[in-house]
Amino acid sequence: MDLKKSGIGKTIALLSVIAVIIFAFFAVLTKFYTPAEPFVDIDFATTAPERENTAQNPSDELRFAVATMWSVESTFTMYQRLIDRICTDVGLQDSFVLRSSYGSLRKAIENGEVDAAFVCTGPYIYALPSGKIKLLVEPLFVDDHQYHSVIIAPSGSNIESIKDLEGTVLGLSDPESFTGCMVPYVMFTESGYDIDTYFEKVIFTGSHDRTIHAVERGIVSAAAVHSVVLESAKREDPALMDRIKVIWTSETFGPPPIIIAAEMEDSLADSLREAFINMHNDEDGRMILSSIGIERFLPADEKNYDTAIELYERYKKLGGSNWP
Amino acid sequence: MRVGLITLLIIFLPIGLHFIFSVKVSAEKSLFDRGHNLASSIAAQTVDKLLVGDKLSLLDIIENLSGTDEDVLYVCLTDPNGDVIVHTYSVTFPENLKNVLNENDEPMKLYRTFQGAVMNVSVPVMSGQLGTVNVGLSRNESIAASRHLAIILVLGLVSGLFIIVIGARFITLKVSRPLNSLEQTVSHFSPYGSRTDWPEIKGTREVSSLADGFREMVCRLDALEHERKITEAHMVHTERLAALGELAAGLTHEIRNPLDGMLECVRYLESNPDNEAFKEKYLPMIRNGLQRINDVMRHMLTYARSGSETNSDACPTYELIDSLELMLKGKIEANNIHLTKKESLKCICYCNKHETLQASLNLVLNAIDAVKENEAPEIDVEIRCDPNWVYLTVEDNGPGIYELNREKVFEPFFTTKPGDEGTGLGLAISRQLMRAVGGDLELSAEPKKLSGASFIIRIPRVLEEECCNA
C-alpha cells in the first residue's frame, strides 16, 4: 500500500512539474513572440498644431481652380497634370482649388481665394460684372468640337423632341452652368414652356458627367449637358450613344475659358498665357491636353463670348437669375 | 511513460503554440479587416469633401461611420503632409498619436495606451494624393479572447497529461507489473521447483485469469513430468530385465559348466574317500566352481535389482570390464564368439556403475546378435582415455548399420531385429543413461578394425589425484 502511495505521489509531483513547465513555456514564448509595441501616452492636454489657413496666398504658390464640369473627383483626376505642368512652367507651387458648385467657385474667385481658374462659360459671365477677373486663354477642343448645350434622353425612350418632355423629370447640372442651366432655361421659356410647371421635376446633379449617368440610369427623363463633356464621354465609352440620344442642340458659344484674377501681375499673367498657348508644342503637353479633350489653347477673344453674354441677358430678363 | 510524456510534450507544445498564435493572428486580421472596411468606406465618401475643403461634411461623415463599430476608438483624416484635418476626439487630437501615425506608411500599426492595446488602420484617399483615413480600434477584446483560449488550451493539455499519466499508472499497476511478474516467474520456471512458491499475481481480471491459467499449466506439466520419469524408470528397468533375459542362456551355461565339473569331482572323491591327494586336488576345484556360480549369481542379482541408485561415483574402468566379461562369458562361449578386450590405460570414470554397465551390456548384446550368423564372429571391446573422457568402444564384424538407419538407431522403438525379438528401446535408453551423467553414446562413422558397427560410450574421466582427493 505504501508503495502505491509513493507511486501516486511521484506521479502527482511529476505532473505538477510538467504543468509548471508548460505554463512557463507558454508564458515565455508568448512574451518572446509578442513584438514590442510602442506605448503612446495619450495626453489630451497637448494640442496638435492646427492646419494652416490656406486662404492666405504664399508668394510661391499659384491657386488654380477648375469648375466642376465633371464630378469633383473626376475633375481633380483629369486636370491635376495640367495644373502641375502650368505651375512648373511658370515656376510656382500648385494649389489645386476645387469647389462643389459653380457658385461657390465664383464666390471664391470674387473673394480673391483663386489666382486662376478653368471655368465654365457660365461662371465667367456671372463673375465678369464684378471686374475681378480677366480672360486669359480659351481652349480649342479636339476634332473641332464646338461648345453647345445639348439635351439628351435615353435612346429607348419615346422622347424625340422637347415637345415630348412635358411631365417628365429634367436633369440640369448646376444653377450657374451655362450649357447645363442657362441655355435650356432660355430655350424652354422662349419656346413657351414654363420650366416650373412643364416638367414634373427638375434635378440638379452637380456636374455634366453625373447628368449623363442620370439619363443612362433613368433617374431623369432628359437632361441638358455640356457638348464637350458629352464628346469626352463618347470617346471613353463608344457604346454610350447606343444608350442615349440627342434631341436638341443649341447654337455655338464661346468655350469655357481660363480666367485669372484681375489683380494678377502682368508678368505672371503673361507667363501663364505663354505656358498655355505653347503647351501643345511638346509631346508631354500634347498628351496632357489630349487627355482632357483639348487640342491647344488660343489667346482668349472676348468677342467669342458675346453670344453667351447676350443669352445671359435674356436669361436674366426671363427671371432665370432668380431660379430655382 | 517518461518517453511517452516527453514525446507528447514535444509534439503538442509546438502545435498548441502554433494554434494560439494562429488564433491571435486570425483575431488581429479580423479586426484589421473591419477597420480597413470602415476606413475604405470613409475614404470613398470623403474624396469630394476633401477636394473642396468641406470640413464640416468631413466631420459628419467620420462621426457617423465611426459609430458603426463598437471597437472604434477614433477616426481621423490627415492631409498628405500628415497634418490632421478632422478627427473624432472630443477635444484636441493627441500630438503623441499624430507622431505615431506619421512614423511610416504601414497600413496597420499596433501600439499600447493606458486604456489597452490599439490597432490603427490607415487607408489612403486617392492613393494618398488627398490624404489618409486613420481608424483606431481597441484590441482588448481580441487579446482577451486569445489569452482565454491559451489558458483553455494549456489547461486542456495539462488535463490530458494528467489523464494519460493516471491511465498509464493504472495500466502499469493492473497490467504491466502483473505481466512482468508472470514473465519473470515463467522464465525462472524449473521442473524441480516447488509449486508452493509460485507468486500470487493479481491484476485486471484478464491478467489474473492468465496467471491462473499459467499456474494450472505448470501443475499439469509437473504431473506429466512425474509420469514421464516413472515411465522412463520403468522402461529402463524393463530393458534391464530384457537384457537379463538375453543373458539367461549364458547364465545357464555359466552354472551348468561348473556344476558338471563339481559333480565329476564329487564322484572322484566318493570313489576314493580316503585318498588325501584327491581331496587336496578336487576340494579346491569344488570350492572354485561354487565361488564362480556365486559370483555370477551375485552379479546378476545386483544388476537385476539396480536402478534404485541414481548417484554417480568414481568407478575404475577395469570393474566395468570385469563385470561385463563375467556376465557375458556364457553367452559368448555359447555362440563361439571371439571377444577381444583391451584396456589401454587403467583409468577412472565418473558414472553410475550399474547404468553404465547396462549400456555397455546392451551394446555387447547387440553386437552378439549382429555377428551370430558370421562364420567367424568377432567382437572387440576397448577402453581408452584422454585427459577428459573415458571411451568404451564396442565393435563387431557384423553387417553394420545401413546408412539410412544411422540416424534412426537411437530413436525409441526403432529396431532391425525381426519379429518381436527387440523392444527398440535399448540404444535410446542407453544414450539417455549416458547423457544423464554428462556423457554420450554415439555410432562411430567408420569401424576402426572390424567391418561391422562401432559404438562408443563416452563418459567423464576422473583423474586419480582428484579421485583420491575426493
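Biologist: In β8(A), which residue stands opposite A:Ile151?
Modeller: A:Ala224 stands opposite A:Ile151 there. This is a predicted model, so to speak of local features we need pLDDT of at least 70, side-chain atom pairs count only at pLDDT 80 or more, and totals for chains, interfaces and linings use all residues. Residues are numbered from 1 along each chain as its sequence is written, while chains are lettered from A and ligands numbered from 1 in the order in which they are written.

Biologist: And which residue is the bridge partner of A:Ile151 in β9(A)?
Modeller: In β9(A), A:Ile151 has A:Trp248 as its bridge partner.

Biologist: How many bridges join β5(A) to β8(A), and how many join β5(A) to β9(A)?
Modeller: Four bridges link β5(A) with β8(A), residues 222-226, and the two run antiparallel. Five bridges link β5(A) with β9(A), residues 244-249, again antiparallel. Strands count as paired if DSSP finds at least two bridges between them. The elements themselves are DSSP runs numbered from the N terminus: helices are H or I with at least four residues, strands are E with at least two.

Biologist: Why is β5(A) largely enclosed by the rest of the structure?
Modeller: Five of the six residues of β5(A), 149-154, are buried, so the strand is largely enclosed by the rest of the structure. Buried means 20 or more other C-beta atoms within 10 Å of the residue's own, exposed means 12 or fewer, and partly exposed is in between, with C-beta atoms placed from the backbone.

Biologist: Which residues of α8(A) are buried?
Modeller: In α8(A), residues 227-236, they are A:Ser227, A:Val228, A:Val229, A:Leu230, A:Ser232 and A:Ala233. The elements covering them include β4 (133-141), β5, α5 (178-190), α7 (208-216) and β8 of chain A.

Biologist: What share of chain A is buried?
Modeller: Buried residues are 39% of the 324 residues in chain A. That chain has 11 helices and 11 strands.

Biologist: Which residues have the most contacts inside the largest nonpolar core?
Modeller: A:Ala116, A:Ala117 and A:Ala223 do, in a core of 120 residues. Leaving aside neighbours within four places in sequence, A:Ala116 is in contact with A:Leu62, A:Phe64, A:Leu136, A:Ile258, A:Ile259, A:Ile260 and A:Leu272. A second, separate core has 39 residues, including B:Ala243, B:Cys347, B:Leu363 and B:Phe455. A nonpolar core here is a set of buried Ala, Val, Leu, Ile, Met, Phe, Trp, Tyr and Cys residues joined through C-beta atoms within 7 Å.

Biologist: New topic: how many residues of chain A are in contact with chain B?
Modeller: 31 residues of chain A are in contact with 33 residues of chain B. Contact means C-beta atoms, placed from the backbone, within 7 Å. On the chain A side, α1 (2-33) and α2 are the elements that give two or more residues. α1(A) gives the most, with 13 residues.

Biologist: How does that side of chain A divide by class?
Modeller: It has 19 nonpolar, six polar and six charged residues. Ala, Val, Leu, Ile, Met, Phe, Trp, Tyr, Cys and Pro count as nonpolar, Asp, Glu, Lys and Arg as charged, and the others, Gly among them, as polar.

Biologist: Over to chain B. In what order do the five strands of the open sheet come?
Modeller: The order is β2-β1-β5-β4-β3 in chain B, with antiparallel pairing. At the edges, β2 (84-87) and β3 (108-113) of chain B each have a single partner strand, so one side of each is left without a neighbour in the sheet.

Biologist: Which residue of β2(B) is opposite B:Cys76?
Modeller: B:His87 stands opposite B:Cys76. β1(B), residues 72-78, and β2(B) pair in the antiparallel sense over three bridges.

Biologist: Last one: are the residues on the two faces of β8(B) buried or exposed?
Modeller: They are all buried: B:Ile348 and B:Tyr350 on one side of β8(B), residues 348-351, and B:Cys349 and B:Cys351 on the other. In general, side chains in a regular strand alternate between the two faces of the sheet. B:Cys351 stands opposite B:Asp313, and B:Cys349 stands opposite B:Arg461 in β12(B).

Note on methods: Contact = placed C-beta atoms within 7 Å.
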